[in-house]
Amino acid sequence: MKYRVLGVVGCGNMAYALVKGLTQSRFDFETIVGFDVNPARLNLFRQEFSVKPVSSNQEVAEQGDIIVLAVKPGQIRQVLEEVKDKLTSDKLLVSIAAGISTSLIEEVAGSHVPVIRVMPNTPCLVGRGISAIAAGTGASVEHEEVVARMFAAVGEVCRVPESYMDAVTALSGSGPAYIYLVAEAMSDAGVEVGLPRDLARLMALKTIAGAVAMMEVTGKHPAVLREDVTSPGGTTIAGLRELEENGLRKAFFRAVRRAFERSMELGRR
Ligand SMILES: NC(=O)C1=CN([C@@H]2O[C@H](COP(=O)(O)OP(=O)(O)OC[C@H]3O[C@@H](n4cnc5c(N)ncnc54)[C@H](OP(=O)(O)O)[C@@H]3O)[C@@H](O)[C@H]2O)C=CC1
Ligand SMILES: O=C(O)[C@@H]1CCC=N1
């Protein structure tokens, strides 16, 4: 089965990152059709990515071969009710909604519809996403393969048991926001010790980018790389001590735990 038309239900932030990443990649859909209740969003997708705007989710489901559900988790059930009559076994449904299980989707859409659940993140926009994928009971290995290739065009893909999805959501789905907060906090901290704001921001961003590249290129454990920066009796150990005493690790443990719980809550609504 050749999947020529991508259908996008909900043209929000994550759909934007995905569609932009895909249009810049070699993964080729003949057409992308989309619908959003907000006409401004649909117009943006039309202007930026030549997405063909249609006037309902039903039309997306009718015209799309692969249909990506990119509305908020609380809207998934209603959207599925709207489109289920258009969903045949030769369609492929991809849900990126946090917390929403493939079994819930199959329950509403019908078990004849192949469903793949994906948790991507916004760096898909620049081809540097990380996406976890898990197949529903009605999806074949081939279905999973198609979706893996699609998301591999915008970053890395990991196949995971569906039971990992809430944890993945809390770590890599939400994770970019944690890092933007760190970048912002580092920039402000630089300003506080006297750097001009632009310079502080540049230093913070390039330091984060350089540190990420060091982890990727050397393959060394972060703790080893951290020790290389930490001269005895020097500045780094003084700064690290403050971060530890102020509960940086604890804050991350708590943040990821709370996001994990929230993902489960979203699935229960
Ligand atoms: N943002 C992220 O980094 C990630 C998000 N996700 C998942 O992606 C999904 C979308 O998240 P996100 O992009 O952040 O959210 P957004 O609110 O930015 O996008 C959702 C879009 O869907 C529109 N919408 C609402 N109801 C309908 C409807 N019935 N039919 C069609 N469109 C509708 C919304 O319009 P309006 O705002 O007017 O209601 C909005 O434009 C969520 O399920 C989320 O869990 C997954 C991974 C990462
Ligand atoms: O904040 C959210 O709920 C979504 C899911 C992961 C990232 N954004």
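The following exercises, each with a worked solution, concern a predicted model of one chain and its ligands.

Local features are reported at pLDDT of at least 70 and side-chain atom pairs at pLDDT 80 or more, while totals for chains, interfaces and linings use all residues. Residues are numbered from 1 along each chain as its sequence is written, and chains are lettered from A and ligands numbered from 1 in the order in which they are written.

**Exercise 1. Describe the chain as a whole.**

Step 1. Count the elements: the chain has twelve helices and eight strands. Helices (H or I, at least four residues) and strands (E, at least two) are DSSP runs, numbered from the N terminus.

Step 2. State the extent: the C-alpha atoms fill a box of roughly 70 × 40 × 35 Å along the principal axes.

Step 3. State the burial: 34% of the 269 residues count as buried, a term that requires 20 or more other C-beta atoms within 10 Å of the residue's own, with C-beta atoms placed from the backbone.

**Exercise 2. Characterise the residues around each ligand.**

Step 1. A residue is near a ligand if its C-beta atom, placed from the backbone, lies within 6 Å of it.

Step 2. Ligand 1 is surrounded by 27 residues, and the closest are Gly10, Gly12, Met14, Ala97 and Ala98. Helix α1 (residues 13–23) gives the most to this shell, with three residues.

Step 3. By class, the shell around ligand 1 has 15 nonpolar, nine polar and three charged residues. Ala, Val, Leu, Ile, Met, Phe, Trp, Tyr, Cys and Pro count as nonpolar, Asp, Glu, Lys and Arg as charged, and the others, Gly among them, as polar.

Step 4. Around ligand 2 are Ala98, Thr169, Gly173 and Ser174. This shell has one nonpolar, three polar and no charged residues.

Conventions
A residue is buried if 20 or more other C-beta atoms lie within 10 Å of its own, exposed if 12 or fewer, and partly exposed in between; C-beta atoms are placed from the backbone.
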